[in-house]
Protein chains: 8
Amino acid sequence: MSDKKVLIVMGSDSDMSVMQKAGEILDEFGIGYDIKIASAHRAPNFLHKLIKESEESGVKVFIAGAGMAAHLAGVIASLTIKPVIGVPLGGSKLKGNDALLSTVQMPSGIPVATVAIDGSKNAAHLAVQILAIEDEDLKEKLDNFRLDQEQKIIEKNK
Amino acid sequence: MSDKKVLIVMGSDSDMSVMQKAGEILDEFGIGYDIKIASAHRAPNFLHKLIKESEESGVKVFIAGAGMAAHLAGVIASLTIKPVIGVPLGGSKLKGNDALLSTVQMPSGIPVATVAIDGSKNAAHLAVQILAIEDEDLKEKLDNFRLDQEQKIIEKNK
Amino acid sequence: MSDKKVLIVMGSDSDMSVMQKAGEILDEFGIGYDIKIASAHRAPNFLHKLIKESEESGVKVFIAGAGMAAHLAGVIASLTIKPVIGVPLGGSKLKGNDALLSTVQMPSGIPVATVAIDGSKNAAHLAVQILAIEDEDLKEKLDNFRLDQEQKIIEKNK
Amino acid sequence: MSDKKVLIVMGSDSDMSVMQKAGEILDEFGIGYDIKIASAHRAPNFLHKLIKESEESGVKVFIAGAGMAAHLAGVIASLTIKPVIGVPLGGSKLKGNDALLSTVQMPSGIPVATVAIDGSKNAAHLAVQILAIEDEDLKEKLDNFRLDQEQKIIEKNK
Amino acid sequence: MSDKKVLIVMGSDSDMSVMQKAGEILDEFGIGYDIKIASAHRAPNFLHKLIKESEESGVKVFIAGAGMAAHLAGVIASLTIKPVIGVPLGGSKLKGNDALLSTVQMPSGIPVATVAIDGSKNAAHLAVQILAIEDEDLKEKLDNFRLDQEQKIIEKNK
Amino acid sequence: MSDKKVLIVMGSDSDMSVMQKAGEILDEFGIGYDIKIASAHRAPNFLHKLIKESEESGVKVFIAGAGMAAHLAGVIASLTIKPVIGVPLGGSKLKGNDALLSTVQMPSGIPVATVAIDGSKNAAHLAVQILAIEDEDLKEKLDNFRLDQEQKIIEKNK
Amino acid sequence: MSDKKVLIVMGSDSDMSVMQKAGEILDEFGIGYDIKIASAHRAPNFLHKLIKESEESGVKVFIAGAGMAAHLAGVIASLTIKPVIGVPLGGSKLKGNDALLSTVQMPSGIPVATVAIDGSKNAAHLAVQILAIEDEDLKEKLDNFRLDQEQKIIEKNK
Amino acid sequence: MSDKKVLIVMGSDSDMSVMQKAGEILDEFGIGYDIKIASAHRAPNFLHKLIKESEESGVKVFIAGAGMAAHLAGVIASLTIKPVIGVPLGGSKLKGNDALLSTVQMPSGIPVATVAIDGSKNAAHLAVQILAIEDEDLKEKLDNFRLDQEQKIIEKNK
């Protein structure tokens, strides 16, 4: 089993600047992860293989970022029973409104946990929260992160 | 080779009342077709098999109707090089605005020929037009259909 | 510690008809849960107390359903480090478009795992997937559920 | 009792460039105010304390500016019976459409007086109008402001 | 001086069913008010006269409900320096999205305190909050209203 | 009587760059016009006087350009029985979607002839078409304009 | 020359219930008109002939009502230099939002005077206003209509 | 008969930068095509002639790109029974949302095969897929294109 608990997938390498922020948050919390480029439409077989192999190797949470008719998270969700977090990307003419609806409006039985448009950081935070349920160490890190967040705001007012 | 040139696929049997209108148009033009229920999310393997087998058996055009985060047409388009016509269905709270964007905003290389929300009839008309390119008999039927349409309007004014 | 692993919260008892479907899915998977009515706006202190006590008593995942300027899931997320799943409710004039944006567009650091408008069933499915990460029994139930889903679709085509 | 009658709160210091315009208007009318950074999500306890202490020290009107899933004004409104004016901020991908709906679509009993996207100046004008109800001096300043506004337009036409 | 502190104006008598709920809330709090039908477009002179006379007779807060291109609240705001609360009405094909934008997106200098689509109750609550700033009796009633609201929610959970 | 047949009004001098294009089209067709800055909200009395005097002096068509909650065209329409052409301006965060709905969704009895967002040129073309109904000279100019338009397109293809 | 000064055209006989209200208003003002069913898409040649013949026979204003991708008014505008008034019809899933944008967002040179969704009455009122520019009798009727409108509102308040 | 199987039409030469990408894709697949500027509104007779002559000379698929109230594809579709592919262009204030609805929401009988906003490449891909139905050589090129696409993604992950 690999120590990579999260797989970050994006539809195109042009999405890297947004999606790598998810990796940076996971790094902060000391969670192993991998980043892959895969497309539900242009590389369906590669995507199927990637998800199946990742699930078998120990990935516990998937994060998928895609724009426009963003099918990536939904297609991944159809291939695994692990939680899939969808990040609608806002690079299109419609500013991510298309990607948001394509990601969040999933039919019954195959959920995608959707975060904000370009919300790659929160995708990682959600992954951390999911993994922390059964991990006391992560739970403590999250408690500290929350205290830090509040403390920073308090200090800005001084 | 089957004589079924069009495959109509829908995400759920609750979509039948809208999608069977596509079949009725194909009947009018004497084009063989099949209707199937398949889901990109709930039955991905069945869908892959269905599309591959249909393409091999002679299907030349696919029509896919789905609502909400309507991935069905896009996923079919990723599995075949035949033209895929997408019908965004308007049964959701967002009245098909979600399905429209999820169907039409496809990335480069994998087009979906999208028609109006609940536009199943036009999906069939488009399939007929595609098949008529190399079929003089169909072409004549289309010409007559257009003449009939105009004639009906002229008569309503009398 | 209670055996209730999920807390379902809604903003008003008029939301019960939609939100109880989340409970029915959790029942199918044999997961203990509680259902509460609480409002981020009309009962902020009660909500704070409810979330803190629930977290202490062993709740691992929160599901929050609210309509209009749906702040409920976001406010719960600010009070706990457990995953919070938000269900935007579509009862308003704007058909849930308001609730969707109010639920999903969370700022960095405090994610809400958002599902479809009125997607209470998928909120429950997502909770099951999260709890199944470290629960082999649940994992098996999920695998069976997926197989059943696909089987039902295959049978509808016969 | 403090002489600060208005408290301006914003979700992040990046909102200062827009929100400080509210302060400038209050300065023009000679109304004492304070500006604070606080977050409904990242610093809920600090926010609760800030609102309670401000209300006790004599604040009569709150102005809250926030973007995306803008819960700030609504959460403040749940903590005070003073009027709360909400400024939806337009910095997100959705240009403030998300913040507008998250701010204005409040449930019965807890109103937020919402102004235009990035309408921080009008938030201050509204606060002045509210405070002027029982303040003859402010009332006169408002009358003069309106006359000046009209005069400026008349002069532009010369 | 009249004892009517609030004037409720609506664009058409077909808006009465929604707008009279504002009156009911004002009745609960013992605030005198008047209800009038007036149109910014169809009766501009009558509207000007009504607002000027109302302001002189002691009205302190205006509530205006209108649908479609809802100019009523904005036009009233141009005629008085008293706070004007706008209620966008959702009776049109666009479900109040038109009225919301027409009411809230006011230019600098002439604010309208906008509440939710069809949010006539909250318009009244906001008026009460504004009037309570300098009225200890109303303030106490508001405190009790808030406690009642929270108590009702607590009891629903029993 | 003045020879100015069209009055172009705009809500702010920042709208001049868009609205002066209407004047340029009127110049091309040799139609006398005046341009004024006036605000339905900030200068209501000046606006009333301007419209009444313009109508008396012989203005036959009004063109009004405004952004955001664009009430200008509607308020002018309430003050005259001459045709009023509304130009929704797209300078706001919502890109003119607010101004479009505020301009076009007028109640029965008080129409505004609405053109495209920032469509000041077409406002002038529409004014020319209206004035040409009873003016053979203008009619001929319009016919020539149309022929020129078509000719330019034909030549671009060479 | 015919005494029919207005031609009302609609895309389908199912639009009659909305569009005949335009005729009723024209009747009230004693303006001769004709009503026709014609489609830019299904009967393009018939439409061209209809518009050309109507213009020659003395029609001075065209009113066109259409839903969905409402091209009718724009296509008529391309065939005549008379003013064309477009009525976006709200019968589709998107409630006329599609028809509104398809009607109003015309390119430079070919304006359509657009009224509200389903605003057939106002289309007629606009036609009356256009025809009244050079018709003292109509002008007087319009003045009276406006006075009646205001009077009705004044009486409703008694 | 000409060897030009596709005609690319656009509403204005400012659309060339987007639409020429369709031509580049057709070049890649070795398909003859022509590019023309034509306007449904400004040059209706030229457009009619162009479409009729193109159809007679052997054009099998039309591609039409237009922005705003994009009637071009629909009007072409009314003049031919060949498949018409519509590309909504996103250059307007509304970012192509207007052009998308104006292109896709066609009435029954006259379909337009709509692709994504600014999706000129996919318009060409769809044309290739349509032409490949009866062309083994093209079919092989499409299969290779798909393999290349997948291969490129696989290599990006190395």
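Between chain H and chain B of this predicted model, the count of salt bridges (a side-chain nitrogen of Lys or Arg within 4 Å of a carboxyl oxygen of Asp or Glu) is two. One of them joins B:Lys60 to H:Glu134, whose closest N and O atoms lie 2.8 Å apart.

By class, the side of chain H that touches chain B consists of 22 nonpolar, 10 polar and seven charged residues, where Ala, Val, Leu, Ile, Met, Phe, Trp, Tyr, Cys and Pro count as nonpolar, Asp, Glu, Lys and Arg as charged, and the others, Gly among them, as polar.

Turning to extent, the contact (heavy atoms within 4.5 Å) takes 39 residues from chain H and 39 residues from chain B. The buried area, meaning the accessible area (1.4 Å probe) that two parts lose on being put together, summed over both, is about 3,400 Å² for chain H and chain B, and carbon and sulfur atoms give 59% of it. H:Ile81, H:Pro111 and H:Ile133 supply 21% of the area that chain H buries against chain B, more than any other three residues.

By contrast, chain B and chain D do not touch, their nearest C-alpha atoms being 16 Å apart, and chain C and chain H do not touch either, with 17 Å between their nearest C-alpha atoms.

Residues are numbered from 1 along each chain as its sequence is written, while chains are lettered from A and ligands numbered from 1 in the order in which they are written. In this predicted model local features need pLDDT of at least 70, side-chain atom pairs count only at pLDDT 80 or more, and totals for chains, interfaces and linings use all residues, while side-chain values use heavy atoms, with hydrogens and water left out.
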